[in-house]
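Hello,

Here is the structure I promised to pass on to you, with its sequence alongside. Have a look at it first, and then read on for what I found.

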Amino acid sequence: MQYVAPIGVGIVYVLLMSLIREPHRRRFNAVMVAGAGAAYLSGGGLGGWELAFTALVTWVAYRGLDSWTFVGVAWLLHTAWDAVHHLHGNPIIPFADTSSLGCAICDPVIALWCFTGGRTPRELLRRWRGAGERGEDPAWAADAAR
């Protein structure tokens, strides 16, 4: 359950974020990942590296205000930072020892959604079906349509 629940959290996050209309959805997610980048500042245990990481994620999230790709990259950066914290730092939630591991599992789910353009589930299904009807590989169709 420790590995499955974070995937569910990522899916719920995507579904809830899909309720926000574009372009606000992308901008809101850029702000969210910038905040996530600062989550370890209050005791993350990696000293000055916490500030350096927060600065990096903030810059990437800023670029994400206009680009889903940058929002996805920021979530992957946070994934890596979660993994480092799980192995060498303090957990993101002090009283939950595996919280950083859970976050490291959840964040790539969100990043994957960002790399699809942050589309709603309905938009993703419509794009997937349309590609299949045209005899195209759906994964390639989504990239070609951008």
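This is a predicted model: local features need pLDDT of at least 70, side-chain atom pairs count only at pLDDT 80 or more; totals for chains, interfaces and linings use all residues.

Let me start at one residue: W59 is partly exposed, with a relative accessible area of 47%.

First, the overall picture. The protein chain has seven helices and zero strands, so if you follow the definition of the elements from the N terminus on, the order reads α-α-α-α-α-α-α. Of its 146 residues, 38% count as buried. The chain exposes about 8,500 Å², and 68% of that area is supplied by carbon and sulfur atoms. Looking at contacts between residues at least 6 apart in sequence, 66% of them join residues at least 24 apart.

Next, the inside. In soluble globular proteins, nonpolar side chains tend to be buried together. Which residues touch the most other members of the largest nonpolar core? They are V71, W75, I110, W113 and C114, out of the 17 residues in that core. Two or more residues each come from helix 1 (4-17), helix 2 (24-37), helix 3 (48-64), helix 4 (68-88) and helix 5 (99-115). Helix 5 gives the most, with five residues. To see some of this for yourself, click on V71: leaving aside neighbours within four places in sequence, V71 is in contact with R26, N29, A30, G64 and C114. Apart from this core lies another one, of five residues, including Y40, L46, V57 and W81.

Now for the aromatic rings. Y13 and W75 form an edge-to-face pair, with 6.0 Å from centre to centre and 70 degrees between the planes. This pair links distant parts of the chain, since Y13 sits in helix 1 and W75 in helix 4, 62 residues apart.

W59 lies in helix 3 and F70 in helix 4, so the pair ties together parts that are eleven residues apart in sequence. F70, at 24% relative accessibility, counts as partly exposed.

The loops are worth a visit as well. Between helix 1 and helix 2 there is a loop that holds P23, and the peptide bond from E22 to P23 is cis, with omega near 0 degrees. E22 also takes part in a salt bridge: its side chain meets that of R25, at 3.8 Å from N to O. The structure holds one salt bridge. How are its two partners placed, buried or partly exposed? E22 is partly exposed, with a relative accessible area of 34%, whereas R25 counts as buried at 5% relative accessibility.

In the loop between helix 4 and helix 5 you will find P91, which is partly exposed at 22% relative accessible area. Leaving aside neighbours within four places in sequence, P91 is in contact with Y40, A96, D97, S99 and S100. From P91 to G102 the chain runs eleven residues in sequence, and their C-alpha atoms are 9.9 Å apart in space.

Finally, the cysteines. A disulfide is a covalent bond between the sulfur atoms of two cysteines. The structure holds zero disulfides. C106 counts as buried, at 9% relative accessibility.

Enjoy exploring, and do write back with any questions.

Best wishes

Conventions. Residues are numbered from 1 along each chain as its sequence is written. Side-chain values use heavy atoms; hydrogens and water are left out. A disulfide is a pair of cysteine sulfur atoms within 2.5 Å. Buried means under 20% relative accessible area, exposed over 50%, partly exposed in between (1.4 Å probe, protein chains only). A nonpolar core is a set of buried Ala, Val, Leu, Ile, Met, Phe, Trp, Tyr and Cys residues joined through side-chain atoms within 4.5 Å. Helices (H or I, at least four residues) and strands (E, at least two) are DSSP runs, numbered from the N terminus. Contact means heavy atoms within 4.5 Å. Rings of Phe, Tyr and Trp (its six-membered ring) pair if their centres lie within 6.5 Å; planes under 30 degrees apart count as stacked, over 60 as edge-to-face and the rest as tilted. Accessible areas come from the Shrake-Rupley method with a 1.4 Å probe; for residues, only the protein chains shown count as cover. A salt bridge is a side-chain nitrogen of Lys or Arg within 4 Å of a carboxyl oxygen of Asp or Glu.
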